[in-house]
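This report examines selected features of one protein structure. Please consult the sequence and the model shown below while reading.

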Amino acid sequence: MFSIIKAAVGGLTALCRVNGHQQGLLHGHLKVLAAGLKTHDIPPDHSDVVLPDRRKLKFVNKMPNFKKAKKEMKNLKDIQGPATAANAFTKGEFAIVAMGGGYLHWGHIEMIRLTINRKMDPKTTFARWRVNGPYKPVTRKGLGMRMGGGKGAIDQYVTPVRYGRFIVEVGGKVELGEIQRIMTEVAQKLPFKAEVFSRASLAAFQKKHADMEQNNQNPWTFKEITLGNMLGIRKVLSPKDLCHNGRFAGKFHLPWRV
């Protein structure tokens with residue numbers, strides 16, 4: 001039936017062109033729809049995924065439960081270098097990974113909790129924290145106070161984060177395309193650079209850096225220069241630079257350096 005209609009319309013259009021209509025009399029008033037076969041990827045099998053009882057992010061206290069609060073020095077070493085804990089997947093399939101160092105305030109943690117809990121579907125998705133609650137004290141003096149008088153009072157608590165640290169891990173019977181928008185929205189509001197990774201994309205990212213270091217053809221790498229102490233470069237390098245081979249500049253990661 002469809003082929004008969006299509007042939008009739010084609011004949012009328014050709015007849016109109018013969019009579020002087022360049023575009024055909026029915027050109028702007030008739031559309032012939034034709035449907036073809038489409039191939040779709042087979043959806044992943046989530047039959048072996050077990051959802052936990054508590055699927056939403058739990059509330060995090062604004063300050064730790066210390067009997068007596070103690071002041072600490074600034075100590076920026078806790079945000080420099082790569083993370084040694086919480087840098088691999090456990091139960092989830094997707095995660096927000098820190099690509100630089102920084103401090104998470106309680107407001108950031110609450111923003112993450114509210115955004116993910118409100119927009120994710122708890123019937124098919126679960127989320128879990130990979131960072132601790134705020135535990136490092138930050139002091140501050142009142143406005144207009146003179147210099148001196150000792151260290152100021154504790155103003156708030158923060159959570160130090162290093163490069164490669166997982167912030168939140170998400171899993172369940174979902175794909176990356178379903179929750180990537182939510183996780184990207186959260187990652188863009190963090191005080192440091194962060195990206196959304198899946199298990200496959202994180203493995204490919206790590207393999208890319210490993211291949212770049214293995215296939216490097218430049219013999220004058222940072223490690224070789226420091227070992228030879230060329231031009232007395234060790235005078236201006238810190239122990240952290242020697243330990244990480246110059247891959248970090250403070251809290252910032254330098255991905256191009258091998």
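Predicted model: local features only at pLDDT ≥ 70, side-chain atom pairs only at ≥ 80, totals over all residues.

## The four-stranded sheet

Four strands form an open sheet in the order β3-β6-β1-β7, and their pairing is antiparallel. From one strand to the next, the twist averages 20°.

Within this sheet, β1 and β6 pair in the antiparallel sense over four bridges. V97 stands opposite F166 of β6. In general, the strands of a sheet pair through backbone hydrogen bonds, in either a parallel or an antiparallel manner.

## Aromatic pairs

A pair of aromatic rings is described by the distance of the centres and the angle of the planes. The count of aromatic pairs in the model comes to four. One of them joins F59 and W106, whose ring centres are 6.2 Å apart. The planes of F59 and W106 stand at 75°, so this pair is edge-to-face, the class that applies to angles over 60 degrees. F59 is partly exposed, with a relative accessible area of 47%. W106 also counts as partly exposed, at 23% relative accessibility.

Y163 and F248 form another of these pairs, with ring centres 5.6 Å apart and planes at 65°, so the arrangement is edge-to-face. Y163 lies in the loop between β5 (153-161) and β6 (166-172), whereas F248 is in strand β8 (residues 248-249); the pair therefore ties together parts that are 85 residues apart in sequence. Both Y163 and F248 are buried, which means that each has under 20% relative accessible area.

## A nonpolar surface patch

Which residues make the nonpolar surface patch? W220, M230 and L231 make this patch, which covers about 410 Å².

W220 is located in the loop between α4 (199-214) and α5 (222-228). The relative accessible area of W220 is 54%. Because the exposed class begins over 50%, W220 is classed as exposed.

How values were computed:
Residues numbered from 1 in each chain as written. Heavy atoms only, no water. Patch = residues over 30% accessible without salt bridge, like charges linked within 9 Å, V, L, I, M, F, W, Y side chains within 5 Å. Areas by Shrake-Rupley, 256 points an atom, 1.4 Å probe, with all protein chains shown as cover. Salt bridge = Lys/Arg side-chain N within 4 Å of Asp/Glu carboxyl O. Helix = DSSP H or I, 4+ residues; strand = E, 2+ residues; numbered from the N terminus. Buried < 20%, exposed > 50% of the residue type's maximum accessible area, 1.4 Å probe, protein only. Phe/Tyr/Trp six-rings, centres within 6.5 Å; stacked < 30°, edge-to-face > 60°. Pairing = 2+ DSSP bridges. Axes fitted to C-alpha atoms, helices over the stretch in contact; angles between N-to-C directions.
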